[in-house]
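Please read this briefing beside the sequence and the model.

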Amino acid sequence: MTDAAEAAYPPARHVLRDLGLATETGPALRSRGSIAVGEHLRTPAGVVHAGAVATLVDALGGGLAAMAVHPDWMATADLTLHLLPRRDVAEVAAVGHVVRRGRTTVVVEVDLTASGAPLGLATMTFAVLARRDGNPVITQPGGVAAMTMAVPGSGFRAPLEESAGIVVIDGPSGTLDLPISEYVRNSLGAVQGGMMATLAAAASDRTLTAASGATLATVDLEITYLSLAKSGPVRTVTTVLAASPDDGTARVALVDTGAEDRVTTIVRSRAVRVP
Amino acid sequence: MSGFHDPDAGRSVARYLGLTLEEVGEVRAGGAEVHGTAPAPGYLRLPDGSIAMGALLGLADSVAGLCGGLAALPGWVVSTNLMLRAVDLDVVGPLDLAAEVLRVGRNAVVTTVTVRDGHDATLVAEGTLTSAILQPAGGPPVYERPLVLRAPPLDPDTTPALDEFVGVRSVDDDTVAIDLTDDLRNPWGILHGGITAALVDVAARHATGASRTTDAVVHFVRPGRVGPVVASVRRVGARADGHLVRVELRDRGSDDRVMAVAVATARG
């Protein structure tokens with residue numbers, strides 16, 4: 001990332017900075033990233049919050065896609081995340097690569113590990129867009145480029161959902177709100193894709209735990225981004241598709257209540273019992 | 001070269017699945033709604049009696065793909081990403097499918113698809129298909145609107161099971177392969193997206209020994225043109241709802257190019 005864009009986004013108080021996302025990007029459209037998993041990134045089930053991992057892979061994949069399409073720009077079209085419900089995760093390591101750079105789309109795959117053992121997989125599709133004024137400039141480095149989003153003073157002081165400003169309207173029905181603040185915006189002024197995932201995972205955790213009668217952790221997110229959420233608050237409308245004491249499946253629609261309740265994102269989630 | 005000039009080209013898969021497609025609602029530019037009905041015969045079921053996820057993937061790709069294609073006219077579509085999550089695979093049948101457009105852009109169309117058991121309207125599966133909009137040489141298919149495409153019933157006693165129809169063979173413990181026969185091609189002349197997705201189901205069950213696949217995400221990254229098509233499975237790990245696997249499909253006859261990358265869960 002270069003010059004003015006680096007200074008402008010993300011701002012000093014931003015979820016990407018509090019996550020402490022550190023990346024290494026190589027010249028062959030491959031990139032590594034990691035986040036430390038402290039107490040504020042864990043769910044009540046004791047596993048890493050799926051939203052935190054989604055934010056990691058969205059940022060990593062977005063950087064790779066931006067390099068792949070340069071000088072054009074891109075937007076996330078879909079993101080899928082599948083995790084193993086491990087309690088022993090102190091750090092999530094992600095290794096991403098571009099599977100395919102086509103004329104209109106880029107597909108990125110991310111392998112996730114913790115302590116050297118598999119933690120899960122993520123995939124993303126990015127739509128290629130014509131560059132506009134204000135889009136950041138991200139180019140492939142000649143060698144390996146290392147960077148961190150963390151700045152002095154960054155780091156979570158409260159759980160991820162609280163830090164993001166998520167408001168639980170009714171947990172069992174999966175109704176949550178996310179007011180739009182600078183903390184959760186992306187460079188386009190809309191809610192960052194990883195924060196939309198975090199909101200969906202928060203709704204999924206609550207509604208599937210209530211429906212199953214056991215504490216479940218969201219491990220799968222299949223997200224289709226339809227439009228940007230710019231007005232807010234963003235509200236979750238959650239439907240339980242199936243639930244048992246071992247696992248559950250839900251559909252979460254994320255609507256922009258400030259834009260005539262437009263459906264901006266559709267998510268299907270699965271939560272499982274943590275051994 | 002596409003087969004859009006021939007209304008029968010690329011219909012073999014839909015006929016095998018017994019899928020009748022019907023456009024419903026108002027015919028309009030930039031939108032469409034398509035319903036499908038299909039039997040749930042024994043040849044589409046697994047040994048435990050459940051409907052094969054591979055069959056559902058094929059049906060979902062066909063219904064949602066047609067829906068997206070109608071919305072994309074005068075362009076036409078190829079599948080780029082199919083996500084399908086099963087809710088209850090123990091169906092009575094027939095299967096009722098419904099697809100509608102969520103968003104149409106310049107280059108892509110997104111459709112949602114639901115599958116219900118016609119016996120009692122129970123939700124069987126639901127998902128999302130994203131398709132790229134292309135401009136076929138010679139123009140898109142010409143359909144009378146509202147569109148109805150009927151599939152005559154097949155004899156369940158003589159129709160091959162899905163694995164046999166597709167021609168799956170085991171390569172090793174983690175790998176299966178098929179030849180790319182004409183029956184498996186779509187109107188574009190490439191491997192049908194539904195068959196690509198069905199192969200993910202077959203490969204996941206083959207590698208894990210699980211009885212059924214319960215969800216799949218398939219990224220179609222390049223067309224399958226020559227074959228054989230080889231599906232290789234990497235086991236990521238186990239959890240309460242089954243084995244999480246990554247499946248990669250390559251077209252051996254096209255410089256071993258990666259055709260599709262998929263993630264699936266297989267259980268039982």
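The notes below begin with conventions and then turn to the structure by topic.

This is a predicted model, in which local features need pLDDT of at least 70 and side-chain atom pairs count only at pLDDT 80 or more, while totals for chains, interfaces and linings use all residues. Residues are numbered from 1 along each chain as its sequence is written, chains are lettered from A and ligands numbered from 1 in the order in which they are written, and side-chain values use heavy atoms, with hydrogens and water left out.

**Interface of chain B and chain A**

- Counting contact as heavy atoms within 4.5 Å, 34 residues of chain B touch 37 residues of chain A.
- The buried area, meaning the accessible area (1.4 Å probe) that two parts lose on being put together, summed over both, is about 3,100 Å² between chain B and chain A, and carbon and sulfur atoms give 56% of it.
- Of the area that chain B buries against chain A, B:R85, B:E126 and B:R239 supply 21%, which is more than any other three residues.

- With a salt bridge defined as a side-chain nitrogen of Lys or Arg within 4 Å of a carboxyl oxygen of Asp or Glu, the search over all chains finds 29, and the count between chain B and chain A is 10.
- One salt bridge links B:R85 to A:D220, with the closest N and O atoms 3.1 Å apart.
- Another salt bridge joins A:D111 and B:R234, whose closest N and O atoms are 3.1 Å apart; this pair crosses from strand 5 (residues 105-114) of chain A to strand 11 of chain B, strands being DSSP runs (E, at least two residues) numbered from the N terminus.

**Strand pairing in chain B**

- Two strands pair if DSSP finds at least two bridges between them, and strand 2 (residues 33-38) of chain B is joined to strand 4 of chain B by six bridges in an antiparallel arrangement, with B:V34 opposite B:A99 in strand 4.
- Strand 4 of chain B also runs antiparallel to strand 5 of chain B, through nine bridges, and B:D96 stands opposite B:R116 in strand 5.
- Three residues lie between strand 4 and strand 5 of chain B, and the two strands form a hairpin.

**Confidence in chain A**

- On pLDDT, the predictor's confidence in each residue from 0 to 100, chain A has a mean of 92, and 95% of its residues reach 70 or more.
- Over residues 1-7 of chain A, however, pLDDT stays under 50, and the model has eight contacts beyond four places in sequence for them.

Note on methods. Helix = DSSP H or I, 4+ residues; strand = E, 2+ residues; numbered from the N terminus.
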